[in-house]
Structures are given as structure tokens and as C-alpha cells.
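Have the viewer open as you read.

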Protein chains: 2
Amino acid sequence: MNLHESPCLRWQLARRPAGAIDAGDLALIEYRPGPLAPDHVRVRNIYLSLDPTQRIWMSDREQYLPPIEVGQAMRGTTLGVVVESRSDRLQPGDLVIAGLAGWETLTDAPAKAVSRVRRTPGVPLTASMSVLGNTGLTAWAGMVRVGQVKSGDTVVVSAAAGAVGSIAGQIAKRHGARVVGIAGGEAKCRWLTEELGFDAAIDYRNEDVGQALDRHCPDGIDLDFENVGGAIMNAVFERMNNFGRMVLCGLISSYEKDGPAAGPTDFSRILMRRLRVEGFIVIDHLSHAKEAMAELAPWVQSGQLRWKDHVVPGLENAVDAMQLLFSGRNEGKLIVGISPEPTADEAGA
Amino acid sequence: MNLHESPCLRWQLARRPAGAIDAGDLALIEYRPGPLAPDHVRVRNIYLSLDPTQRIWMSDREQYLPPIEVGQAMRGTTLGVVVESRSDRLQPGDLVIAGLAGWETLTDAPAKAVSRVRRTPGVPLTASMSVLGNTGLTAWAGMVRVGQVKSGDTVVVSAAAGAVGSIAGQIAKRHGARVVGIAGGEAKCRWLTEELGFDAAIDYRNEDVGQALDRHCPDGIDLDFENVGGAIMNAVFERMNNFGRMVLCGLISSYEKDGPAAGPTDFSRILMRRLRVEGFIVIDHLSHAKEAMAELAPWVQSGQLRWKDHVVPGLENAVDAMQLLFSGRNEGKLIVGISPEPTADEAGA
């Protein structure tokens, strides 16, 4: 495979989306990489992680990283194989995660900006982008470090069938909490209770969330792992117990809207009930990845922790895939397949 | 003084206030205590603490204690002298604080519900209701325990010339923070900067708070000690740094209003800037009073920590005094003088 001679493909931001992402908001362009810079590696991307937060980066709004500028490459985490190295740290054939790469076939990155991935026996490689990657770390950091989940807590997880939510809920279960998930649709709710061990699931498309919370959380809620925001968050907020924790992992209901995101209706409850509302972003918890994986990996390998990777093949389908995410039609961690996983022959090549 | 034979006086809630407290919302009634119950003490109240939170108790709204019912005594903390005891723990002549007593001249309370007060040499007795009492504990718990103030922080305190705010700001200063206070009026602002050592003060009556914050906090805000809520809080919120802490001690701007209290305009900043917003109530921190006083008392005795007690004499003036509090016309900790402090002759009597 001579990547220098065949053109590479990359999605770039063509214009800022107004509301839901439209096909015209992104453009697939060809590019040809120049010579590799010193201390850099060239990575053939195999998988691209799609995450709700990427919609934030497309808007010129308050956010935790600089927004992507129009004309710039779409930003995303990729898993790939090193095909050329100008660093002692990595060799061709090494599998790596490139944290803030592009939606692209070939990435040049400083060697120190990528991290080596080792296959976990019996676990597909895609797990390194989901349960054993940043998705798992996000769930663990939010539930354990920020939320400080403890045995006996009543925990509510919104977007509970999503990549992060489904893992977060299972982590809470394994820490001895009672866990109620909120998800869209009967099939997702059944998955939560029948396969993942959630104590209850609320189908927000077909139930009044407030009434269902009253039924499933008769003693109130101690910990909210919030992925959604808006009216669903407010229904949870109103039922928080004294000293409850609201962990803001995501507010997906606001990502497609311009303008500020509404908070709970009655802010004074934070005072009256002595709540702690805390936002977090996974990039601040990367130094705890080892600790998180030490807890998650054995559960994954033993089958006690379940997850789904939803791989959409073809970089050209990335925009369609992103639309799945915002309509809730994905099943588990959404990943775009860019190129084949290396075969045994390619290792070290 | 034969308290059994002269009638006692007590304020009770006559109707729920609509907005600001009106004279007709409270009624001063006479009562005659019956025989003292076993394990109880009878306390002649000397001072009554007036606090913004009492306005919350008058409303039938979400709150941290049961609201005062119409026809019930107004609730408040008093400092008094034991005049009769049916408990081994306390003797007549002992000075005590009765945590949830009434706005009344004579209080019967379980001996275990009151706590002994010892005079601090060189410090007026009223300090036991302010800087060396729950006011000081509130400021300390919020700034140190909840806010985790640290050297180098930029701290903003709203209602900074108030009883709690003025102490909270000085505690932050002594922990090495830069402190900006927000208060109403030039005289209060001068007091903060010239006498209490605040680095800057913003007069919200005569300045645009947002512009003034930009000027005084060019590197953003790390810790907000919030006493006010509403637009002032929002101006601070918009300038919070990543990983900032918003400690909700009070939301006085909402206490006179019916209906929910608005939060910050853009709730999603809590996520984007990884803020921690946490409410607290002093009653949850009583077990740390000793630790707080060990820090505050030496500062008070050495004159390094300043405070004002604003004593309004006469239980009959309690409602007028409460109105001072909500119009910001009090100067420091508002206390109603109910009866004289005991003389040396009365000690042990």
C-alpha cells in the first residue's frame, strides 16, 4: 500500500450547521501528505470514533476546546497503525490511538501525541475506542471520580443506552447502587434491564419521565449521571435527595441549538437540597486511565460488563453516521470503519 | 425577675408574606409558659439572630427545613441565660445558644438542644451570634470546606458587606486569595477595601457588575461565594474559570419572590468549564464548629478579622429590623436585643 501516491481523504467543515448536521455542512476532500516531520509518526487510520461532543466543536459557541474553523479538518479520535515513523518511540506496525486526529485516512502526528494500543485477548480491537478506551474512561471518571458512587445510592443515567451511559450504569451497579436508566424506545429499555442488569428503565418516548421516576425512585435520587439536559434533566433534578450529586457528562439536547442551554427550572434547589452539580470532560481524567482500565478490563474479559460497538464502514459514510447519533438510532458506541485491521502479515510492516 | 408571672412575648407568623415582609405578616402575642418539662431548660433570651434564611421559612416553598406554619412562632437562634433547669447538664446562670428557638422572650428547650456559650475575653457577647457563632461558621464552612479556597485563587463574594460575606472574604484573604467583593453603596465598598482588606469592591448600585468584574478579575474567577443569585450571580458565572467552584450560601434575591429561582443563563457552561456548583447550609457543618472557631477566634482576638454586630434593641422591633436586612440597610450581623446581658450578680442566679 503506497499511501504517498494515492490521494488521502478527509472531512472538513464546510459551514457551521444550523441545527441538525446537514450533508452540506461537511465536505470530503482529497489531500496528499508531505514528507513526515521529525519526531512524528504517520498513521493509517482504521477506526474513527464519533461522539456527540463533535457537534459542539462544529459550532462557534462556548466550549472546552477551540471550535473547528470552517475549512479545517473535522477533529476526532482515531485508532490506526503506524506506517512510517521518525521517532524512536514507535515502529511501523504499532497500533496507536491518535487523540485529536482528523476524520481522515492518514494522520501525521507527533509521536508523543499518540498512545500505543495493545490488543486485549478475546476482545475486539474496537473496544479500545469504546469500553476500554475513552468511552469507558468517561463513564468511570464520571461515576467513580466525580459522582463518587457508593453502595446504596439510587442512580439515574440519562441516554442510558448510549455508549457512555450503558457503561456508566453498569459501573454503578457493580459499586452496589440501584440504577435506573432513561432511554428512547422499548428495545433499548429492554436491553438495559434484561442484558445490562439495570434495575429499571424509563422509555422517555412513551412514558412521562417524572411519573416513571416517582415510581422507580420512591426514595428520591442520589446521583444523576447526566448526558441529556433539558426537560429530562429537570425531571431528575426535581427528585434529587439532599446532598445529591449531578454529574454533567453531556447535554446532548442542547448541542444542535444555538444560544444558551436552560438549566433546571428552580436553581434554588441546589441550595435547599445541598446538591453538588459538577461538569467534567474526559480529557481532564486521562491520567486516571490506568486505574479505570484496571477496574473495567477484568469485567469486560469475564463478560460481566457488556457493551456494543456500532461500526459504520466507510469514511464516506461518516456524516450519515453522525446523524444516527443525534437521532438515537445508533446501538452502542458509534465508530466509522476507515480501513481494514492489520493482518498478522502486516504486523511490523 | 419573676418570669412565671409576667407574660412573655413572642412573634408568630400571621400570614405568609407576599414579597417583602409587611408589618401585618407577623403578630406579637403574649404567652405564659407552663411548668418546665424534665430534661429541659428555661432560657431568658438576650439576643435574637436575624438571618435572610428566616424569610425562606415564612414561605410555603421548597426549603431545607419545614416552613413555619401560619399561627406558629417565628423560628430563630437566640442567645440567653438559663433561668431554670431540669437537667444536670446546665445550671441557672449558664449562657447558652438555642439553635432553633423562637422570636420570643423566654424559651423552653431540651437541654441537649442548646449549647453552652463561654465569653471570649475582650470580645463582646454578641460575637457568639456572629463572627464566633453560626455566621462565622457559615463563612468558614463555605469558603474552606465547600469552596476549598487556596492561595492564588481569585475569589468573588456577593453581599460582601453582609454578616457572612464580610467574614468569608476575610477568610479567603487569609488563605492567600485575591478577593473582590460586591456590595450595595459606596460606604460599604469603602469598608471592604479600606478596613477589611478586600482587593477590590464593586458597588452594584452604581456600576455595571459585569464590566467591573472584567476590570477587577482580568484572569477570570476561581471561586464564587454566592449570597445573592439572579443577575449578579450570572455576571460572576459568565467569568468563571475552568474548574471553578460556585458555592451557594444564599440566594437572597429570590427569597421574597414566589415561584422558582432562575439559574445562570447558560447552564452548559458548568459542563464546558467543568465547574462545581454546590449548595450548603450551615446546619450540616455544625460538627466542624470547633475546627472553624480554632481558626477564627485567634484572628478575632488579635484584631486581624473584623466584623460588625448591628443590634436593634427591643423584641417589638424585630419586624422592622428584618426589613432592614432585605433592603441592605443593616451594617453587619443583624441582632435583636431582647433583654439585658446578665450582670456579675446574676451569674449563677
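Gly181(A) sits opposite Ala201(A), a residue of strand 10 of chain A. Pairing here takes at least two DSSP bridges between the strands, and the elements themselves are DSSP runs numbered from the N terminus (helices are H or I with at least four residues, strands are E with at least two). Right-handed means that, with the strands pointing away from you, the path from the first strand over the helix to the second goes clockwise.

A word on ground rules: this is a predicted model, in which local features need pLDDT of at least 70 and side-chain atom pairs count only at pLDDT 80 or more, while totals for chains, interfaces and linings use all residues. Residues are numbered from 1 along each chain as its sequence is written, with chains lettered from A and ligands numbered from 1 in the order in which they are written.

## Two domains in chain A

Chain A is assigned domain 1 (8-130 + 307-346) and domain 2 (134-301), with bounds that come from an automatic or database domain assignment. Over C-alpha atoms, the two centres lie 27 Å apart. Their contact uses 18 residues from domain 1 of chain A and 15 residues from domain 2 of chain A, where contact means C-beta atoms, placed from the backbone, within 7 Å.

On the domain 1 side of chain A, helix 1 (53-57) and strand 15 (333-337) each give at least two residues. That side holds 9 nonpolar, 7 polar and 2 charged residues. Nonpolar covers Ala, Val, Leu, Ile, Met, Phe, Trp, Tyr, Cys and Pro, charged covers Asp, Glu, Lys and Arg, and the others, Gly among them, are polar.

Met240(A) lies in strand 12 (residues 240-248) of chain A. Met240(A) counts as buried because it has 26 C-beta neighbours inside 10 Å; the cut-offs are 20 or more other C-beta atoms within 10 Å for buried, 12 or fewer for exposed, and anything in between for partly exposed, with C-beta atoms placed from the backbone. Leaving out residues up to four places away in sequence, Met240(A) touches Gly220(A), Ile221(A), Asp224(A), Met246(A), Arg273(A) and Leu275(A).

Ala159(A) has a positive phi, near 50°, without being a glycine. You'll find Ala159(A) in the loop between strand 8 (154-158) and helix 3 (163-174) of chain A, and it counts as buried because 28 C-beta neighbours fall inside 10 Å.

## Strand 3 of chain B

Strand 3 (residues 40-49) of chain B is mostly covered, with 10 of its 10 residues buried. It runs antiparallel to strand 4 (residues 75-85) of chain B over 7 bridges, and Val43(B) faces Val82(B) there. Strand 3 of chain B also pairs antiparallel with strand 6 (residues 106-110) of chain B through 5 bridges, putting Val41(B) opposite Ala109(B). With strand 15 (residues 333-337) of chain B there are 3 bridges, again antiparallel.

Which residues touch the most other members of the largest nonpolar core? In that core of 221 residues, they are Ala318(A), Val43(B) and Ala318(B). A nonpolar core is a set of buried Ala, Val, Leu, Ile, Met, Phe, Trp, Tyr and Cys residues joined through C-beta atoms within 7 Å.

## Strand 12 of chain B and the chain contact

Strand 11 (residues 221-226) and strand 12 (residues 240-248) of chain B run parallel, joined by 5 bridges. The crossover between them goes through helix 6 (residues 230-237) of chain B and is right-handed. Phe243(B), in strand 12 of chain B, has a positive phi near 65°. Strand 12 of chain B also pairs in parallel with strand 13 of chain B, over 4 bridges.

Between the chains, strand 13 (residues 276-279) of chain A and strand 13 of chain B run antiparallel with 3 bridges, and Val277(A) is partnered with Val277(B). The contact takes 29 residues from chain B and 29 residues from chain A. On the chain B side, the residues divide into 15 nonpolar, 6 polar and 8 charged.

Definitions and conventions: Two residues are in contact if their C-beta atoms, placed from the backbone, lie within 7 Å.
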